[in-house]
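Please examine the sequence and the model shown below before reading on.

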Amino acid sequence: MSSSVAVTPPPKSRVLSGMRPTGALHLGHYHGALKNWVRLQDLHDCFYFVADWHALTTAYEDPSIIERSVYDMVVDWLAAGLDPEKATIFIQSRLPEHAELFTLLAMGTPLGWLERVPTYKDQIEKLKDKDLATYGFLGYPLLQAADILIYKATYVPVGEDQASHVELTREVARRFNHLYGRSKDFDAKVAAALAKLGKDDTRYFDKQRKAFGETGAAEALAKGEAIVRKAAMVLDETETELLLGHLKGSGRSVLSEPLALHTEVSKLPGLDGGKMSKSYGNTIAMREEPAMVRQKIARMPTDPQRQRRTDVGDPARCPVWQFHLVYSDEATQAWAREGCTTAGIGCLDCKAPVAEAVIREQQPWRERAEAYLSNPKQVHWIVEMGTERARTVARQTMKDVREAMGLRY
């Protein structure tokens with residue numbers, strides 16, 4: 001006679017990401033982030049937020065622009081395929097816990113850590129027309145760290161240019177745990193927790209802890225963590241966090257160190273071959289009308305050396321080719337490459353399949369968006385429910401933070 005035992009699946013890792021509200025989104029937003037967000041919601045516990053406070057760091061003089069843009073952007077998220085039953089969608093400024101954690105982290109974060117963030121100097125150079133000599137702009141990477149840490153996110157999907165922000169977040173968490181994760185009886189608690197591992201596992205754990213402390217080797221950290229996870233049946237949650245913090249040389253992990261999630265994304269340039277941006281006037285909106293899509297693509301510049309129909313071209317010099325790499329199958333790409341390099345087709349011929357592929361991709365977005373635009377209360381309800389779900393997690397983290405800092409009074 002056999003009996004079955006119910007097995008509880010392990011909890012999904014949490015993913016956290018956000019966007020500044022810029023209104024209706026374009027194809028660059030979709031291929032650079034949203035497409036990946038939609039995929040991740042089936043694999044992880046995803047929290048996606050409207051970063052309206054972050055928008056204020058550069059648009060503080062006219063916040064009305066931000067207010068008008070919030071729900072236009074959320075509609076595009078939903079149109080792209082984000083499912084509020086799978087992902088938590090919320091607005092940053094509706095959760096004052098973000099600001100509270102940002103303030104508390106600011107008390108112990110060295111000024112030099114913020115000044116060395118690469119994007120800080122880069123934005124100062126690029127946005128010379130704006131007065132960015134503000135504490136808010138300097139501190140936005142720390143606010144970003146608070147956004148991540150308050151949800152104890154495991155992963156943050158980022159491009160290479162944003163990896164430094166995740167590393168700063170890890171440093172901030174590590175410093176906080178070092179400052180506030182050690183109680184007076186820390187050593188005694190560690191010894192008691194280690195005793196539950198057994199002598200052999202304790203020796204192995206200490207070996208990995210020392211190796212990680214001396215070399216920072218990820219392999220040593222992983223092996224040490226594996227020993228702790230293996231003892232899940234004899235360790236309670238507090239003891240597990242205590243040993244994981246001890247392994248990294250800090251106290252109890254009040255705040256979890258996130259990892260950058262580098263995933264392959266399709267990079268789509270603007271219509272002129274540069275970065276797709278509203279400020280450059282080179283975008284195709286996610287919900288652009290088909291006639292306008294055809295018109296915009298038909299007007300795209302091509303290989304400057306192809307002055308006449310009979311001139312041969314080089315796809316590497318043509319912005320349209322970058323669209324083919326994203327939207328065309330191998331056969332169409334081969335046709336376009338052959339036709340361009342032999343002058344077998346004209347540039348308008350080359351552009352036609354790209355325009356039709358873009359329109360096919362947009363069709364379900366327009367249909368889903370129409371349903372939400374005709375019922376704006378549903379969009380507000382989705383955001384309201386997501387915000388309350390996020391608030392539950394944020395409040396628990398702040399409870400842990402306050403207790404660690406002795407702010408329970």
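Helix α1 passes helix α3 in a right-handed crossing (the near helix is turned clockwise from the far one by less than a right angle). The model is predicted, and local features need pLDDT of at least 70, side-chain atom pairs count only at pLDDT 80 or more, and totals for chains, interfaces and linings use all residues. Residues are numbered from 1 along each chain as its sequence is written, and side-chain values use heavy atoms, with hydrogens and water left out.

**The helix pair**

The axes of α1 (residues 27–40) and α3 (residues 64–80) come within 9 Å and cross at roughly 60 degrees. Therefore α1 is oblique to α3. From α1, Tyr 30, Leu 34, Trp 37 and Val 38 make the contact, and from α3, Asp 76, Trp 77 and Ala 80 do so (contact means heavy atoms within 4.5 Å). By class, this contact has six nonpolar, no polar and one charged residues.

**Cavities**

Rolling a probe the size of a water molecule over the atoms shows where empty space is left. On a 1 Å grid over the protein atoms alone, a cavity is a set of points where a 1.4 Å probe fits but cannot get out, whereas a pocket is an open set with protein on both sides within 12 Å along at least five of seven lines; lining residues have an atom within 4 Å of a point. The whole structure has two cavities of 30 Å³ or more.

| Cavity | Volume |
|---|---|
| Largest cavity | About 140 Å³ |
| Second largest cavity | About 70 Å³ |

Of the 16 residues that line the largest cavity, Arg 306, Cys 318, Cys 340, Cys 347 and Cys 350 lie nearest its centre. The elements giving two or more residues to this lining are α15 (319–327), α16 (330–341) and α17 (347–373). This lining has nine nonpolar, three polar and four charged residues.

The lining of the second largest cavity includes Leu 104, Gly 108, Val 172 and Tyr 180. Elements α4 (96–106) and α9 (163–180) each give two or more residues to the lining of this cavity, and α9 gives the most, with five residues.

Two or more lining residues come from each of α12 (218–230), α13 (237–247) and α18 (376–405). By class, the lining of this pocket has nine nonpolar, seven polar and twelve charged residues.

Notes: Helices (H or I, at least four residues) and strands (E, at least two) are DSSP runs, numbered from the N terminus. Ala, Val, Leu, Ile, Met, Phe, Trp, Tyr, Cys and Pro count as nonpolar, Asp, Glu, Lys and Arg as charged, and the others, Gly among them, as polar. Axes are lines fitted to C-alpha atoms, for helices over the stretch in contact, and angles run from 0 to 180 degrees between N-to-C directions. Angles under 35 degrees count as roughly parallel, over 145 as roughly antiparallel, 65 to 115 as roughly perpendicular and the rest as oblique. Grid points are joined across faces, edges and corners, and a volume is the space filled by probe spheres set on the points.
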